[in-house]
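User: I would like to learn how to read a protein model feature by feature. Could you give me the general idea each time and then the case at hand?

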Amino acid sequence: MKFQKLCVLGLGYIGLPTASTFAKYGVKVLGVDVNENVIEILKDGGLHIHEPGLGEIVQEVLESGMLRVALRPEPADAFIIAVPTPFYEDNKRADMRAVISAAEAITPHLQKGNLVVLESTSPPRTTTDLIVPILEKSGLKAGEDFHLAYSPERVLPGQILRELIENARVVGGITPDSAQAGHDLYTSFVKGKIIKTNATTAEMVKLMENTTRDVNIAIANEFSRLADRFGVDVWEAISLANLHPRIDILRPGPGVGGHCISVDPWFLVEAAPDITPFIRTAREVNDAQPQFVVSLVKRALGSLKGKKIAALGLSYKPDVDDLRESPAVEVVHLLQKEGAEVKAFEPFAPESTLPNMTIAHNLEEALDEADAVLLLVAHSEFKVLDASLVASAMPGRVAVDTVNALDEKKWQEAGFTLNKLGVGG
Ligand code: SAJ
């Protein structure tokens with residue numbers, strides 16, 4: 001099948017790179033976003049998200065006219081839905097409102113022979129049980145009059161443009177012909193393998209990938225607690241265990257964040273709570289890790305009341321500016337609840353404003369008057385922090401490292417007591 005005109009709904013971290021890459025590879029694309037601000041910024045030649053290389057390609061395809069942006073969809077050969085699926089914090093269920101309204105926006109424009117692809121991470125059976133009925137309100141029959149598929153995005157923030165092209169892509173159709181149509185669409189630019197399957201399998205694949213990562217991090221975090229109790233260095237123990245050819249233990253840390261791995265496992269638990277105790281427990285273990293970090297800081301300082309703490313790093317992982325679901329933010333809030341006075345410094349987002357948090361604009365400001373320095377994210381620049389400079393900038397001599405990034409010898413030489421997560425005394 002040939003697709004000349006494509007409509008991409010949702011111009012966020014996935015939709016905009018996807019729309020621009022299709023446009024660059026010769027498909028005429030209309031990018032749609034319900035947020036007027038986003039459309040204005042793009043029309044003015046700006047960019048509302050940060051992703052290396054994205055600005056250049058967006059500008060190129062907007063100038064060539066291969067990409068246009070608008071608030072509403074138009075008739076096209078194919079439609080891709082790439083809107084966010086966050087979750088409700090209180091009941092941990094997927095918030096499908098954006099997916100539903102995107103599908104509803106497509107319905108009036110749907111024509112015979114069209115293809116619709118859902119890319120948003122969704123609970124199993126979303127494509128067949130939620131999307132089909134909405135699109136069939138057009139009077140057309142899914143799988144007969146139009147094709148429908150689910151294809152998960154699997155790109156790593158920071159490397160989206162390269163991974164979009166190079167990664168293997170799974171396309172699950174509600175019929176084999178729908179899978180074939182999806183396959184044909186993505187051949188426009190995907191160089192990795194494109195594997196055809198059914199829609200629910202494709203939904204599960206994505207959720208299984210991120211859930212596997214979550215439970216693997218949960219076991220590493222539990223190992224850090226065991227090591228702490230039994231006077232073992234978890235980092236050493238993990239590196240020794242990983243010498244085994246079939247063992248690959250991940251890294252413990254202050255918890256699991258980001259909008260994918262800390263969220264997606266809940267979509268499986270929500271869909272089948274009676275048969276997912278393990279996935280749920282892993283989520284709970286990771287969610288409890290910030291509290292474990294707080295107990296370490298408390299032990300290191302004797303008590304937290306009135307103590308001044310410099311918290312280094314707020315993002316959900318190293319060298320990114322994304323604070324969504326970040327365990328570092330959670331640690332700071334918990335410390336404050338216990339009476340500590342925290343100044344946080346995030347070098348990738350020094351101007352962030354977060355509720356109930358004092359943000360330092362630079363390292364010196366964070367360290368000034370601090371009783372303890374707490375490392376929460378292994379940003380490259382923190383890994384090479386000069387311990388003696390830190391010592392001269394703060395009165396306290398307590399350091400807590402939750403990510404195993406600080407060199408013990410150097411910090412001890414500078415006069416610090418260095419407390420590492422997962423290292424029992
Ligand atoms: N983390 C640890 N220990 C580790 C590895 C990670 O504590 O050993 C923590 C990180 O600090 C972070 C969280 O886990 O807080 C998640 O980070 P990540 O690098 O594992 O994943 P993301 O969320 O940046 O991207 C993931 C990727 N999925 C997988 O690697 C299976 C990416 O391919 C997906 O596209 C993305 O989720 C997504 O959109 O689902």
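Analyst: Let us begin with contact, which means heavy atoms within 4.5 Å. In the protein chain, residues 24 or more positions apart account for 72% of the contacts with a separation of 6 or more. Please keep in mind that this is a predicted model, in which local features need pLDDT of at least 70 and side-chain atom pairs count only at pLDDT 80 or more, while totals for chains, interfaces and linings use all residues. Residues are numbered from 1 along each chain as its sequence is written, and side-chain values use heavy atoms, with hydrogens and water left out.

User: How many helices and strands are there in the protein chain?

Analyst: Helices (H or I, at least four residues) and strands (E, at least two) are DSSP runs, numbered from the N terminus. By that reading the protein chain has 16 helices and 14 strands. Its radius of gyration, taken over C-alpha atoms, is 24 Å, and because this is close to the 22 Å that the globule rule (2.2 Å times the number of residues to the power 0.38) gives for 425 residues, the chain is as compact as a globular protein of that length. The C-alpha trace spans about 70 × 50 × 40 Å along its principal axes.

User: Which domains does the assignment give for the protein chain?

Analyst: Domain bounds come from an automatic or database domain assignment, and here that assignment gives domain 1 (5-198) and domain 2 (264-420). The contact between them takes 15 residues from domain 1 and 12 residues from domain 2. The centres of the two domains, taken over C-alpha atoms, are separated by 36 Å.

User: Where does the second largest pocket lie, and which residues are nearest its centre?

Analyst: Rolling a probe the size of a water molecule over the atoms shows where empty space is left. On a 1 Å grid over the protein atoms alone, a cavity is a set of points where a 1.4 Å probe fits but cannot get out, whereas a pocket is an open set with protein on both sides within 12 Å along at least five of seven lines; lining residues have an atom within 4 Å of a point. Grid points are joined across faces, edges and corners, and a volume is the space filled by probe spheres set on the points. The second largest pocket holds about 320 Å³ of space, and because domain 1 and domain 2 both give residues to its lining, it lies between them. Of its 17 lining residues, E89, D287, E325, S326 and E330 lie nearest the centre, and α11 (277-301) and α12 (327-337) each supply at least two residues of the lining.

User: Which residues line the largest cavity?

Analyst: The count comes to one cavity of 30 Å³ or more, and the largest cavity holds about 60 Å³ of space. Its lining consists of P152, E153, R154, V155, E163, L164, N167, A168 and R169.

User: How should I read burial, and is A372 buried or exposed?

Analyst: Buried means under 20% relative accessible area, exposed over 50%, and partly exposed in between (1.4 Å probe, protein chains only). Of the 425 residues in the protein chain, 52% are buried. A372, found in strand β12 (residues 372-375), counts as buried because its relative accessibility is 2%. Leaving aside neighbours within four places in sequence, A372 is in contact with L301, K308, I309, A310, M394 and V398. Helix α10 (residues 264-271) is mostly covered, with six of its eight residues buried, and these buried residues pack against α8 (199-230) and α11.

User: Which residues does P84 contact, leaving aside its neighbours within four places in sequence?

Analyst: P84 lies in the loop between β4 (78-81) and α4 (97-106), and at 57% relative accessibility P84 counts as exposed. With those neighbours left aside, P84 is in contact with D95 and A98.

User: What is phi of R125 and of N356?

Analyst: Most residues other than glycine have a negative phi, and most peptide bonds are trans. R125, in the loop between β5 (115-118) and α5 (126-135), has a positive phi near 80 degrees. N356, in the loop between β10 (341-345) and β11 (358-359), has a positive phi near 55 degrees, and N356 is exposed, with a relative accessible area of 65%.
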